[in-house]
Amino acid sequence: MQATAYTYDPETRSGQVLLDDGTPVAFDGAAFEAGGLRLLRPGQRVRIETEGSGDDLRVTLVTLQTF
């Protein structure tokens, strides 16, 4: 799934992404570190993996979108 980086806190390595429909979904440091990233800037296009649905949707991996 693709999303756009919305917020990122380098101290906690957590933040939020926006899904293509505009829905914000939070990610924690573990999801960020699973993707092997060192930095994330708002507006960057990312690939995410999620689990759950609706209010229980959570991001389990955040990495850069590659083509």
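**Sheet.** I found five strands in an open sheet, ordered β3-β2-β1-β4-β5, with antiparallel pairing. Strands here are DSSP runs of E with at least two residues, helices are runs of H or I with at least four, and both are numbered from the N terminus. Two strands pair if DSSP finds at least two bridges between them. At the edges sit β3 and β5, each pairing on one side only. From one strand to the next, the twist averages 45° (axes are lines fitted to C-alpha atoms, and angles run from 0 to 180 degrees between N-to-C directions).

**Ground rules.** I kept in mind that this is a predicted model, where local features need pLDDT of at least 70 and side-chain atom pairs count only at pLDDT 80 or more, while totals for chains, interfaces and linings use all residues. Residues are numbered from 1 along each chain, and side-chain values use heavy atoms, without hydrogens and water.

Val17 has Val25 in β3 as its bridge partner.

**Contacts of Ile48.** Beyond its neighbours within four places in sequence, Ile48 is in contact (heavy atoms within 4.5 Å) with residues including Met1, Val17 and Val62.

**Gln44.** I found Gln44 in the loop between α1 and β4. Is Gln44 buried or exposed? Gln44 counts as buried because its relative accessible area is 17% (buried means under 20%, exposed over 50%, partly exposed in between; 1.4 Å probe, protein chains only). Its side chain reaches the backbone nitrogen of Arg41 at 2.7 Å.

How values were computed
Polar contact = N/O pair within 3.5 Å; in protein donor to acceptor, adjacent residues only side chain to side chain.
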